[in-house]
Amino acid sequence: MPATPVPRRLRLALLLPLLLVAAVATSAAAQAGRDDRPLPVSELQVGSEVVATTGLRLAAIGTPDDGSGRLFVVDKAGRVLVFHPDTGVLDPQPLLDLTGRVSTAGNERGLLGVAPSPDFARTHTLFVSYTALGTGVENGALTVSRFQLDSAGQTTIDPATEERVLRQQHNLNGNHNGGDLMFGPDGYLYWSTGDGGSADDPLYGAQNLSTLLGKIVRIDVMRECDGRLYCIPNDNPFARSAAGRPEIWAYGLRNPWRFSIDERTESIWIGDVGQNRWEEINHVSLDDDDQPRDGWNFGWSCREGDDLHRQPASAGEGPDPFLDIRCNPRAQYTDPVYSYGLAGNDRCAVMGGVVYRGDEFEDLADGTYVAADYCTGQAFAVQEQRRGRHVASDAVGQLPPRITSFGTDADGEVYFVTDTVAPGTGAIHRLTFAEATGS
């Protein structure tokens, strides 16, 4: 029996309610999507609370992924200490004491970084970076060392078990050591180094691909190759090229004191301390498919922030032979995603931060990168709106001065440490978020 046609007017009458329901559902879903987004940086406020006062020159935070909830906190004098966020207790016995091997001459040398190996409960290997105590070319050498523990819960490490993985000579100047250390989602160790110190990069370290100065180094430290305590990842920019050291992953950096890796987006955020004019944050992908053929080049000492770095700064727009030497017209420089000036204010050095990925403030700040200025404690926040497009604010709040490092616990909550250099207190702090008043 043939189907009876439904009159057009009746079809519309039946269809309209369905369209209305669909429209309402779509609107509700869109609203829910908007509600799930973090606050824009213009509506965000950061604060902090002290969770432990140490009186030490704290310099870095490392987080073992062994379920212990501990944080490894670095005392710049040469010790790795264990902090328990759940109780607020800092163990009196250091996990590792290298004070007899670490140079602390000047303000910037010392024990600078700590990185527990991935799957620490199984691999239980600890890596540290420091400036070495020594004479001649050994003085101040930038050093990465490893310590193999008997178990993840080992309470003290014998310094005699140190194995030096990689070193870079740095004996001419005491500043610009870089020194941060972190594993990426690829399982490789990333290490930042300064340009060799002084001012204006007199060693031409940052653009010199035959040295590890002014670089981000990327190596596989969980394997050994060719008589070394590490292997070269095949996708490093110069892994198969004589144009540069195979350990180099990125270059053109002045003093990348602190960097962090956001595993969610597989990207790296680098806080590069500037000279007299600009402090900058760089943010790039870890995916080698996104990387320029010769690796990421952040421009120092041709560039500082978004500008040309002129020597002297008073050179104005006149001919500057300095630029002819430092700037390669064929180079592909990567600009920072955020920079702030030092003219007319008390700011002095950017302390690279971390991306918030915790649960407590997820609805406010998920995916928000937070860092601060060392001298003033002025905080700023950066969000990536779309790939390559960032929105930033330096009006998100005031944190304590003398912040030296940010880190996260196993749950993604953010902590930071301060130095004892006046007016710092050498304390461990926890970062908080709120909606800005009047938003």
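This is a predicted model: local features need pLDDT of at least 70, side-chain atom pairs count only at pLDDT 80 or more; totals for chains, interfaces and linings use all residues.

Reader: Which other arginine lies over the face of a ring, and at what distance from the ring centre?

Author: That's R254, which lies over the face of W300 at 5.6 Å from the ring centre. Again, the distance has to be within 6 Å.

Reader: Back to Y340. Which residues form an aromatic cluster with Y340?

Author: Y338 and F380 do; together with Y340 they form one aromatic cluster. The structure holds 12 aromatic pairs.

Reader: Why is the pair of F238 and Y251 called tilted?

Author: Their planes are at 55 degrees. Stacked needs under 30 and edge-to-face needs over 60, so the angle falls into the remaining class, tilted. As for being a pair at all, the ring centres are 6.3 Å apart, and the limit is within 6.5 Å.

Reader: Where do F238 and Y251 lie, and are they buried or exposed?

Author: F238 is in the loop between strand 13 (215-219) and strand 14 (248-251), while Y251 is in strand 14, so the pair ties together parts 13 residues apart in sequence. Buried means under 20% relative accessible area. F238 has 3% and Y251 has 8%, so F238 is buried and Y251 is buried as well.

Reader: On to salt bridges. How do you know that R430 forms one with E360?

Author: Their closest N and O atoms are 2.3 Å apart, and the cut-off is within 4 Å. R430 sits in strand 28 (residues 427-435) and E360 in the loop between strand 22 (350-355) and helix 4 (362-365), 70 residues apart, which makes this a link between distant parts of the chain. R430 and E360 also belong to a network of salt bridges with E49 and E413. The count of salt bridges comes to 25.

Reader: What about R293 and D294: why does their contact count as a salt bridge?

Author: The closest N and O atoms are 3.7 Å apart, and within 4 Å is enough. R293 has 74% relative accessibility, so R293 counts as exposed, whereas D294, at 37%, is partly exposed.

Reader: And the disulfides: what makes the one between C225 and C231 right-handed?

Author: The torsion about its S-S bond is about 85 degrees, so that disulfide is right-handed. The sulfur atoms are 1.9 Å apart, against a cut-off of within 2.5 Å. Both cysteines, C225 and C231, are buried.

Reader: How many disulfides does the structure hold?

Author: Three. Another joins C302 to C327, with S to S at 2.0 Å. C348 and C375 also form one, with their sulfur atoms 2.0 Å apart. C348, at 25%, is partly exposed, and so is C375, at 26%.

Definitions and conventions: Residues are numbered from 1 along each chain as its sequence is written. Side-chain values use heavy atoms; hydrogens and water are left out. Rings of Phe, Tyr and Trp (its six-membered ring) pair if their centres lie within 6.5 Å; planes under 30 degrees apart count as stacked, over 60 as edge-to-face and the rest as tilted. Helices (H or I, at least four residues) and strands (E, at least two) are DSSP runs, numbered from the N terminus. Buried means under 20% relative accessible area, exposed over 50%, partly exposed in between (1.4 Å probe, protein chains only). A charge sits over a ring if NZ of Lys or CZ of Arg is within 6 Å of the ring centre and within 35 degrees of the ring normal. A salt bridge is a side-chain nitrogen of Lys or Arg within 4 Å of a carboxyl oxygen of Asp or Glu.
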